Amino acid sequence: MPLACGLCDKQAILKRPKTGDALCKECFFLAFEEEVHQTITDASLFIKGETVAIGASGGKDSTVLAYVMKILNERYDYNLNLVLLSIDEGITGYRDDSLESVKRNEIQYGLPLKIVSYEELYGWTMDAIVKQIGLKNNCTFCGVFRRQALDRGALMLKVDKIVTGHNADDVAETVIMNVLRGDIGRLRRCTAITTGTDGALPRCKPFKYTYEKEIVMYAYFRKLDYFSTECIYSPNAYRGFARAYIKDLEKIRPSAIIDIIHSGESLSVKKEVKMPVQGVCVRCGYISSNTVCKACIMLEGLNKGLPRLGIGKTHKERLKMAEQIGEKEDSSINSQNLKSCVSDHFRPKSNSTSFEKNQLDSFWVQISQSGQSCCKSNTVGCSCQRSVVCKDVTAGIQSSVEQQKINSSVIDF
Amino acid sequence: MSIPITLEFSGGAELLFDRQKRHDIDLPKQENPWRIQELLPWIRDNILKERPELFMQGNTVRPGILVLVNDTDWELMGELEYNLQPNDRIIFISTLHGG
Ligand SMILES: [Zn+2]
Ligand SMILES: [Zn+2]
Ligand SMILES: [Zn+2]
């Protein structure tokens with residue numbers, strides 16, 4: 001009863017969701033690997049000699065990614081220096097097993113492995129966080145901290161790029177979620193195969209067009225060793241619904257996943273639409289559309305014994321934080337609305353990029369926090385209360401541009 | 001005569017079955033041939049331990065669970081219509097768990 005392979009005369013083992021082709025094991029392996037190679041070369045993802053960190057969770061996607069990157073690197077002479085990078089969130093019994101599976105990959109694939117812990121990065125393990133905040137909101141923490149952890153770990157390793165195992169299903173799901181949330185900024189960014197250009201550490205998705213079904217089948221037939229579990233801290237229900245929706249669509253029409261990605265890619269946003277401005281967090285230097293990034297707000301809350309800080313509605317939480325952290329940051333958070341010598345001296349030119357505008361903005365916050373003084377421009381009613389020295393202003397802007405170099409992308413996955 | 005078959009759950013699907021991955025079972029004799037269509041509710045009613053909605057949706061597996069019949073994608077084997085044979089090996093792999 002089984003069909004013959006569409007490419008040779010062996011017995012087919014799977015129906016490809018993207019094309020509907022029935023292929024034998026060997027032809028499937030080759031087609032799978034060659035498509036990833038095609039994606040990598042079409043988008044010129046790598047340059048010879050680069051050091052590339054593979055974000056390795058021990059799960060199916062990153063395990064298959066590590067294996068395929070290793071094969072392609074050899075087959076096509078990418079000449080990349082590959083390393084595995086894992087994050088240990090500090091969840092007892094959860095990461096223990098998956099880190100074991102990453103450690104086996106280290107040996108099986110002969111790739112060096114670096115494990116970075118939440119404790120090193122944030123001073124808090126996930127278990128300790130859950131003890132503070134209870135089970136209900138931990139996924140907010142998990143998600144926000146996890147997003148930054150890989151970038152921070154990669155910076156420690158001094159790599160040139162990060163690759164992650166995000167697949168076509170993940171990208172389609174994120175497109176849908178951003179549509180549902182009306183998040184135009186993320187909607188525009190989320191289909192990009194590489195994010196975090198602009199001086200930040202680039203992050204790429206070689207599996208952007210690869211179906212989850214094929215990744216799982218590939219792992220199964222290659223007998224790759226991966227670990228699967230539910231996060232013991234409850235899953236994100238909203239994302240879960242988006243996922244189920246994507247899978248239901250795929251069942252009816254398998255091309256739906258690629259179609260959604262293509263829709264996301266071809267979306268254009270009218271010039272008049274105000275896009276959220278990306279700046280950097282004044283505390284940690286990580287890219288953030290707010291003065292203080294969400295991770296820093298949450299850490300502040302944890303460290304002050306106010307763990308709910310950063311969980312609620314954005315405006316509320318920031319106001320609350322301003323209250324808690326004190327007047328200085330309070331005024332800084334509203335800095336956009338204040339008149340200041342800084343904005344006077346360094347008023348963004350009409351052709352300034354949003355990045356430059358944000359540098360000014362976040363720099364202004366640094367000044368007001370550090371209590372430096374001025375004010376030469378005699379701005380009437382200046383919010384710095386005449387306490388900022390312009391020389392320092394200039395130096396400060398340079399240093400925050402320097403700082404930008406170590407920043408990384410934020411994309412909501 | 002009953003039909004002996006082997007079931008395997010992986011990729012996280014085993015979590016619904018007390019973490020037991022392999023189950024050797026005997027399907028009781030019935031007049032009509034056993035198809036996967038009848039196997040699924042049998043699994044749900046006899047060996048599934050929790051959250052049936054994560055295993056089945058309507059009369060089929062929940063989308064996102066891959067099914068293999070003797071190491072071949074069930075989409076090439078007639079899916080629900082496939083007639084089970086003695087000593088068949090049916091594998092359920094969840095794609096919905098941590099990647
Ligand atoms: Zn073939
Ligand atoms: Zn921050
Ligand atoms: Zn001033």
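**A walk through the model**

In chain B, 56% of the contacts with a separation of 6 or more are between residues 24 or more positions apart. Please keep in mind, as we go, that this is a predicted model.

Chain B has 1 helix and 7 strands. If you follow the chain from the N terminus, the elements come in the order β-β-α-β-β-β-β-β. What about the overall size? The C-alpha trace of chain B spans about 40 × 25 × 25 Å along its principal axes. A compact globule of 99 residues would have a radius of gyration near 13 Å, and because chain B has 13 Å, the two agree.

Of the 99 residues in chain B, 54% are buried. The accessible surface of this chain comes to about 4,600 Å², and carbon and sulfur atoms hold 44% of that surface. Chain B also carries charge: there are 10 positive and 16 negative side chains, and the centres of these two sets lie 5 Å apart.

For one place to look, find B:His23 in strand 2 of chain B, where B:Leu7 stands opposite.

Further along the sheet, strand 5 (residues 65–69) and strand 7 (residues 89–94) of chain B pair over 5 bridges, again in the antiparallel sense. Here you can find B:Leu68, whose bridge partner in strand 7 of chain B is B:Ile91.

Time to cross over to chain A. Which residues does A:Lys247 touch? This lysine lies in helix 10 (residues 237–252) of chain A. Leaving aside residues up to four places away in sequence, A:Lys247 touches A:Asp169 and A:Glu212, and also B:Pro63, B:Gly64, B:Thr95 and B:Leu96. A:Lys247 has a relative accessible area of 3%, so this residue counts as buried, the cut-off being under 20%.

A second residue of chain A to visit is A:Ala22, in strand 2 (residues 22–23) of chain A. Its relative accessibility is 14%, and therefore A:Ala22 counts as buried too. Not counting residues up to four places away in sequence, A:Ala22 touches several others, among them A:Leu3, A:Cys5, A:Leu14 and B:Leu76. The C-alpha atom of A:Ala22 is separated by 37 Å from that of A:Leu150, 128 residues apart along the chain.

Our last stop is helix 12 (residues 294–303) of chain A, which is mostly covered, with 8 of its 10 residues buried. The buried residues include A:Cys296, A:Met298, A:Glu300 and A:Leu302. After helix 12 of chain A comes A:Gly305, which has a positive phi, near 70 degrees.

Terms used:
Residues are numbered from 1 along each chain as its sequence is written. Chains are lettered from A and ligands numbered from 1 in the order in which they are written. This is a predicted model: local features need pLDDT of at least 70, side-chain atom pairs count only at pLDDT 80 or more; totals for chains, interfaces and linings use all residues. Side-chain values use heavy atoms; hydrogens and water are left out. Helices (H or I, at least four residues) and strands (E, at least two) are DSSP runs, numbered from the N terminus. The radius of gyration is taken over C-alpha atoms; the globule rule is 2.2 Å times the number of residues to the power 0.38. Buried means under 20% relative accessible area, exposed over 50%, partly exposed in between (1.4 Å probe, protein chains only). Contact means heavy atoms within 4.5 Å. Accessible areas come from the Shrake-Rupley method with a 1.4 Å probe; for residues, only the protein chains shown count as cover. Lys and Arg count as positive and Asp and Glu as negative; His and the chain ends are not counted. The place of a charge is taken as NZ of Lys, CZ of Arg, CG of Asp or CD of Glu. Two strands pair if DSSP finds at least two bridges between them.
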